[in-house]
Every structure is written in C-alpha cells, then in structure tokens.
Amino acid sequence: MSGVEHRLLFHGGAFAAVTRAGDITGARGTQPDGFFLGDTRHLSRWQLTVDGAVPTLLVAEPAAAVLVPPTGRDEPPPHTVFREQRVEGGALVDVLRITSNRAEPEKLWLALTVDADFADQFELRADHRVYGKSHAVRDREVLPAGVEFRYRRGGWQASTTVTAEPPPDAVEETGSGARRLVWHLKLDPHETTELTLRAAARPGAGPLPTAGPGAGTEDPAEETPAADAVARLAATDAGARAVPASHHPAPWPGLAQAAEQGLADLDGLLIPAAGPGGEQVRVPAAGVPWYLALVGRHALVTSLFALGHRPALARATLLALAATQAGEADGEPGKIVHEVRHGELAHFGQVPYGRYYGAVDTTPLFLVLLGALTEHTGDDKPARRLEPQARAAVEWMFRDGGLGDSGYLRHRADDGRAGTGPANQSWRDSPGALCGADGTRVTGALAPAAPQGYAYAALVHTARLAKTAWADPRLADRLTAAADDLRARFLTDFWLSAQDFPALALDGAGRPADALASDAGHLLWSGLLDPERARRVGRRLLEPDFFSGWGVRTIAAGQGAYHPMAYHRGSVWPHDNAILTLGLARYGLHEEARTVARALTDLAAHSAGRLPEATAGYPRASQPTPVPFPHASSPQSWSAAAPLALLTALTTAGDPSGGLPS
C-alpha cells in the first residue's frame, strides 16, 4: 500500500478504506485497505474495470469519484463513470452512473472483481505477526443478484453478501477465489444508466456484553439527530444544560466549525453495544481506522467532553461499561474494561482484547462520569441503577488498584501479559512514555500522575453520590477522608521542589520521574492540586518549551526525553490540551485557557475543522504549517469532542471544570 492514498468511509461500527478511485486492492500495511465490520475485513477486493481496463481518475472527493476510460489527447472519452460510495447499515454501497458522451449508441463491458478474505484486523497491521487458523473453511455461492462469501472456523463464522441492481449478466470465476460480476451495457446517445452495488457484512459470532451486577431494564440512551451546527450545539436531551449562544467565542468562527465537524464525526463513530440489562445503546468508538471499538478510556473522556451537549453519550457509555465490568472470573472484580473486540482472533483468545482490562484509569473515570452526569442533569436514576457497579469500582481502586496498599493507583506493564498489551496502562501507553527528564524509562509498579487525579475526582464524586443518591453517609465520610489523604500524600510524594512542578510518575520504589509533562494539566482538571500550585503549574504549561503554538507538548522541549515526533514524548494531542484547558479555566486562568483554545482552533483549520489525534511538536514560529503525526487515527472520538470541551472552558456560565468536582 505504500504510496497509495486512501479515503475512509465510516458509520455505525463499519468502515471502508478505498483508493481515491473507490477500489479495494487487499493490500496489507500500516494503513487498512478493505471493508471492515467487527474487526473483520469483509471485502478484500472491490475493483472496477470498463472494457477490461482500469478507468482513469479525474476527480476524487471524500465519498465520490469521476472516472473515464484511458484515451489519448485526440480521442475524447466515450463515456464517464460517476461513482458515489457510502457505508450504512453494516454495508458498503457503491452507486455507479455511467453517462454516454457520444451522439451515437455505445456498447461497453463493465466488471467488478470482488473477494472477501475475512482477515482479522490484527493480521493486517505491519507488526509481522502470524496467527494460526486451523480448520478454517471458505466458500462462495452465486446468487441471482450477485454472490455470497462465507467463512467458518469452529464456532466463529462470518459472511459478505454482494448484490446489485440491476443484477449482473454473469458471475465469473477468476482462478484466485475472487468473483467477477459482469454487465454488458448498451447506452443510447447521451444516455445515463445506473448500477447500485451493495456489500452487506454479517459479522462473526464474537463475544457479546453480558449482564453484570445490578442488571435491570431502562430505556436505551436517546440519540440527538444530526442537524445543522447551531441546532446541534444548542439541542439538549432530557436534563441537559445548553451552553448559551451569547457565551460562544464569537471572534472564532473556526471553533464553531470544529465543533460542527466534531459532532458529525461523533455521529459516525457511534457503535452498538449492550447495557447490563441487554438493552441496546450506541457508544463512541475510539477512532478510525484500527480502533472502531469500545475503548473505555476514550469513551469516558469523550462522554465527559460532550456532557454539556450530548448527555446521552454519557448514559450509553456508563451502561456499556457497566455490562463489561470485571467479575470474579476476571481476577479483579469491579475493574472497568479497557478494550472490547469482536473479531476472530479475540474470539479464540489469540489476542487478549475480547475483554481486555489493562488500564489503570478507566475505573476512576467511570466513577467520575457517573458523578458528573448526576450533577449535570440533576437526575440520580443512573446513579441508583448503577450503584452496585459503582461500589464495585470503588472497592477495586482500594483492593486491586493499589490505593489501599500503596496509597496510589499502580500498574505493571502489559498487565502481566508480556508483549500482548500496551506498555503502560494510563493514556500514555506507548513504550518509554513514562520516563525521567533524560528519557530513562521508569520501572516497577508504576504510579502515573494523571490517574491519581482521576482517583481523587472519583472519590469526591462518589462521596457525593453515597450521601445523596445512596443514603450511605458512612461511605461518604470514608471516601471524603480518602480523597483528602490522597491529595496531601500526592503533594508530598509527587512534587518536584526544584522544578516547582509535579512528577510524571512514581516508579516501583516510590522515586519520582522528573520529566516535565502535560499530565500536569490533568491534575488541574481533576482538582487535585491546591489553588496556588495549580496556578503556577498552569502558567508554566504556557511557557515556550511546553507551548508549541499549536498546543501544549506532551513533554517539554529541552529535556533529553523530548522528541517532536514521538507519540507521547513531544507531540501535541488535542484531547490532552482540551483537558488542560478545562483545568486552566477551573483555576481562573482564563487568558491561558483562551490561548490554548485558539491554538487548537487554528490547528483544526488546517484540516477542514477536524482535529487530529496528534501533531508533531515543532514550534509554530519556525514551522507555520502543522506537521501530521504518522499513523494517527482520524477521526478520533476524543479529538472530535475536544472542541466541545473548549466551548465549555471558554463559557463563563456553567461549570468550567467540565463536570469535575470543585
């Protein structure tokens, strides 16, 4: 796939990565090529030819292309193919309009070569891993209107049904397993004819969410339909507070555009999931292409960002994560899942992500979202329904998370599964992301700083729920005391006196990792720091070594750990900056918050209003065009929701902390 530019079409948990002309070639590499649903590639070939030749691309748009047969300068093309594609209802739909350009009749032979290899997405990544798939069976069946491809391995099966209107004149074998759908067309002078092709995927029998503690019934979280930007930003569902239009930052039309694009992307990134009572909900997937799945951290942060605009996302996310909460059989009851996959390899345990619990921060963030939703809407029904899951989450933090024994949430790399999971279990999950100023990795049972902030916020929020929704003042007092102790302990153990800044993490021996990092902004967001230190930290984050002009770098420049193109050691992440901006607003640093928000707005303007997952840390003064980060997901849910968080931070009315406790 090297050198081939692709475009992405996505909706409802399915996505297609096609060439600019609309074809699928089945290549393997760092970027996907095919039509995917449920972590499975349901189309590995989808190649159009006319009269045996590949058409020439004239125009490529996000979901459309204009094609003509290859001809010379003195031979104008006899016809033009207008191609429009979309993903809907678990299917790739391809509409071909063939228009004659001549004043005389024309005959042509149109063919579409199709195949489905049903490869798991983990097979397609460029990590050179090979997975055994013994006893797998593939077959194909010609249908009156097309062809069906089927795959079976033990109890896991999937299929792709390709149909066309009008039906093809023939379905031919190719000798490779692919099938060729053929139409013999006759066009009258300047006539247009239309073919509609549909590839419908039926996903495999992957693991499904099951009822956990406190299962019951409740109406699915409602959805806010996509409409124009102003209506969508102002529209609320039951109990939501609209951000007053008069408080929107009028001088920044780019922020309104970014919010509009973000809402549109969130609509496309919603995927189906089940709540603890089996009810169907739609939750934000992490991102396209490889993470069109429920990833706990991303769904929780996205829902927190969107709380003032889409409270339904918070309700749906909480229900889906309650349904997949760890039980006794998972070893750490009460823990909130990190990632849920439904592909063949996850089904057979060849990758650990069927339900993967390798995250130290999802559990406190679950409690934060539950408390924030209750306080934001004034409705305690979700908190009362999910009381068993919330109590189990609290107990996990103290028992297995480390809060009771070591005083902090801690983790070891890979969650005991060496080589199979993320290197770290906080949002900085890449190898070496938790390090000292010189770049040395920290080792042992790690206590990253940001999750301690989330733990503090979770304790404060849950104490309020215990007092108001659960009528348990004893638990409320216990959690309030634990929050106070955590804050005092953190300010002693994590504070770097010489740098006047919090450490990035503690290693297994309790030594602070002295890299200066943007995670300090997460501590502002959570309210863990006292006001004086918080304001000093907030202003420090806007110094030139941190602030690139496009946002705050993950690691301040000038340290040995800094690399402008490293995933978590010098790049700029919009969601990280949105959290930081909410934290700045929380402590009254409004000018600093506006500076970061304006930088992110300018960054979005370079990609038609869509914020990337990350961008390189090069200074804007010397590099006036943002440098894309290689292999980034786009769109990504928490980047899509980041403009909504910025609007919250820049709004003087309402809660500038984004729903976190004061």
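**Note on the predicted model: confidence, sheets and helix packing**

1. The protein chain has a mean pLDDT of 89, and 89% of its residues reach 70 or more; pLDDT is the predictor's confidence in each residue, from 0 to 100. This is a predicted model, in which local features need pLDDT of at least 70 and side-chain atom pairs count only at pLDDT 80 or more, while totals for chains, interfaces and linings use all residues. Residues are numbered from 1 along each chain as its sequence is written, and side-chain values use heavy atoms, with hydrogens and water left out.

2. Two stretches call for caution. Over residues 206–251 the pLDDT stays under 50, and the model has 90 contacts beyond four places in sequence for them; contact means heavy atoms within 4.5 Å. Residues 415–419 also have pLDDT below 50, with 10 contacts in the model beyond near neighbours in sequence. Where pLDDT is low, the predicted coordinates should not be read in detail.

3. Secondary structure elements are DSSP runs, numbered from the N terminus: helices are H or I of at least four residues, and strands are E of at least two. Two strands pair if DSSP finds at least two bridges between them. V114 stands opposite R179 in β15.

4. Another open sheet has 3 strands, in the order β22-β25-β26, and its pairing is antiparallel. Here β22 (447–448) and β26 (512–513) are the edge strands, each of which pairs on one side only. Strand β25 (residues 505–506) pairs with β26 in the antiparallel sense over 2 bridges, and L506 is placed opposite P512 in β26.

5. A hairpin links β11 to β12 through 2 residues. Strand β11 (residues 137–143) and strand β12 (residues 146–153) are paired in the antiparallel sense over 7 bridges. The bridge partner of R140 is F149, in β12.

6. Several loop residues deserve a look at the backbone. The peptide bond from E165 to P166 is cis, with omega near 0 degrees, and P166 lies in the loop between β13 (156–165) and β14. Also cis is the peptide bond from V288 to P289, where omega is near 10 degrees; P289 is in the loop between β18 (280–284) and β19 (294–295). D51, in the loop between β5 and β6 (56–61), has a positive phi of about 55 degrees although it is not a glycine.

7. Helix α7 (residues 362–377) and helix α9 (residues 387–399) have axes that come within 9 Å and cross at roughly 140 degrees. Axes are lines fitted to C-alpha atoms, for helices over the stretch in contact, and angles run from 0 to 180 degrees between N-to-C directions. Angles under 35 degrees count as roughly parallel, over 145 as roughly antiparallel, 65 to 115 as roughly perpendicular and the rest as oblique. The two helices α7 and α9 are therefore oblique to each other. Residues of α7 including F366 and L370 take part in the contact, as do residues of α9 including W396 and M397. By class, this contact of α7 with α9 has 9 nonpolar, 2 polar and no charged residues; Ala, Val, Leu, Ile, Met, Phe, Trp, Tyr, Cys and Pro count as nonpolar, Asp, Glu, Lys and Arg as charged, and the others, Gly among them, as polar.

8. Helix α7 also packs with helix α10 (residues 449–468) at an angle of about 45 degrees, their axes being 8 Å apart. The pair α7 and α10 is therefore oblique. Among the residues in this contact are V368 and E375 of α7, and Y454 and R464 of α10. The contact of α7 with α10 divides into 11 nonpolar, 4 polar and 2 charged residues.

9. The axes of helix α4 (residues 296–305) and α7 come within 10 Å, crossing at roughly 25 degrees. That makes α4 roughly parallel to α7. Contact residues include L300 and L304 in α4, and L365 and L369 in α7. The residues of this contact of α4 with α7 are 8 nonpolar, 3 polar and 1 charged.
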